[in-house]
Amino acid sequence: MPWACGHPGRGSPVSGQTLIIRATSNTGASVLDLAQWIFLAKAAVMGVVEGLTEFLPISSTGHLILTGSLLGFTDDKSKVFDIAIQTGAIFAVMIVYWQRLRDTVTGLGQGSAQARRFTLNVAIAFAPAVVLGLAFGKAIKAHLFTPTVVATTFILGAFVILWAERRVSEARIESVDQMTPWDALKVGLVQCFAMIPGTSRSGATIIGGMLLGLSRKAATDFSFYLAMPTLIGAGVYSLYKERALLAMSDLPLFAVGLLLSFVSAWICVRWLLRYISSHTFTPFAWYRIAFGVLVLVTAHFGWVTWSE
């Protein structure tokens, strides 16, 4: 579905016609493109969905695919939009963790061994996603970014969470500063499972980290730190690679998505950090199962038409 609206011949989403409301005032005529406002509303919904789901173990990509399917937000440009608005969510995390980021930058300038080790660990954990993303990212987007795959992965991932919560024993790593490069590499490899939509990047790194011996708090913190280069890198790379699809007229759409993603993510991250101090991730597993079953059932009986 083309995004350009309000100009005949550029691909209006309403049977080639442009819905235009003309209003006149004492200062002259103004034109309000109703179709453009509809797209802005869709961008706002997608931004909120991204922010609320990016750092919970329920898969933001999966939710964006499903929400985009319902809203008709499924063309090539929408996929770039989905990745780009993750940057808004990351800026929210950077604000929440600003003190640690500032201390790390300062420590690097002062030759702090702790700051160097922390930075190295994040870089090591980030590397597998870069290598595998460049190698398989295009094929995965072409074949696996569908509602059916997302729903199935929702359910499978839920059982992994339930199993992990029953299996997790005493943590050997209570803080990210206790992690070794080998620990970081293992978490980075686990993160790569999230290339399959519906898996959840945060779910893979947090649950994977806990299974590898990190405490719930350490695994969550490192997941957030690792998200910074991973999602910013993915957003910048996607925008650069697909720059031919973009135009200045798309700026309001991306701005709305980024802003709403930032605000909703900031609220969600602050809530999650309080939540994990006294709760498990089991409720998220049951949510994944319920949502996945709902999508599969509605698709099977034709109650909802999920765009592939």
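A charge sits over a ring if NZ of Lys or CZ of Arg is within 6 Å of the ring centre and within 35 degrees of the ring normal. By that rule, the charged end of lysine 42 sits over the ring of phenylalanine 39, at 5.2 Å from the ring's centre. This is a predicted model, in which local features need pLDDT of at least 70 and side-chain atom pairs count only at pLDDT 80 or more, while totals for chains, interfaces and linings use all residues. Residues are numbered from 1 along each chain as its sequence is written, and side-chain values use heavy atoms, with hydrogens and water left out. Helices (H or I, at least four residues) and strands (E, at least two) are DSSP runs numbered from the N terminus.

**Tyrosine 240 and its surroundings**

- The charged end of arginine 243 sits over the ring of tyrosine 240, 4.2 Å from the ring centre.
- Tyrosine 240 belongs to helix α10, which covers residues 216-241.
- Tyrosine 240 has a relative accessible area of 54% and is therefore exposed; the classes are buried under 20%, exposed over 50% and partly exposed in between, with a 1.4 Å probe and protein chains only.
- Between the C-alpha atoms of tyrosine 240 and valine 80 there are 9.8 Å, although the two residues are 160 apart along the chain.

**Aromatic pairs**

- Rings of Phe, Tyr and Trp (its six-membered ring) pair if their centres lie within 6.5 Å; planes under 30 degrees apart count as stacked, over 60 as edge-to-face and the rest as tilted.
- The count by this rule is 14 aromatic pairs.
- One of them joins phenylalanine 55 and phenylalanine 224 edge-to-face, with 5.2 Å centre to centre and 85° between the planes.
- This pair links distant parts of the chain, since phenylalanine 55 is in the loop between α1 and α2 and phenylalanine 224 is in helix α10, 169 residues apart.
- Both phenylalanine 55 and phenylalanine 224 are buried.
- Phenylalanine 118 and tyrosine 225 also form an edge-to-face pair, at 4.9 Å centre to centre and 85° between the planes.
- Here too the pair links distant parts of the chain: phenylalanine 118 is in helix α6 (residues 113-144) and tyrosine 225 in helix α10, 107 residues apart.
- Phenylalanine 118 is buried because its relative accessible area is 7%, and tyrosine 225 is buried because its value is 6%.
- Ring pairs link Phe55, Tyr97, Phe118, Phe224 and Tyr225 into a cluster.

**Serines with positive phi**

- Most residues other than glycine have a negative phi.
- Serine 59, which is not a glycine, has a positive phi of about 75°.
- Serine 59 is in the loop between α1 (34-53) and α2 (60-71), and its relative accessibility is 2%, so this serine counts as buried.
- Serine 200 likewise has a positive phi, near 95°.
- Serine 200 is in the loop between α8 (181-191) and α9 (201-211), and with 3% relative accessibility this serine counts as buried.

**The second largest pocket**

- On a 1 Å grid over the protein atoms alone, a pocket is an open set of points where a 1.4 Å probe fits, with protein on both sides within 12 Å along at least five of seven lines; lining residues have an atom within 4 Å of a point.
- The second largest pocket holds about 290 Å³ of space, where grid points are joined across faces, edges and corners and a volume is the space filled by probe spheres set on the points.
- Its lining has 17 residues, of which Gly157, Val160, Phe193, Thr199 and Ala204 are the closest to the centre.
- α7 (147-167) and α9 each supply at least two residues of this lining, and α7 gives the most, with six residues.
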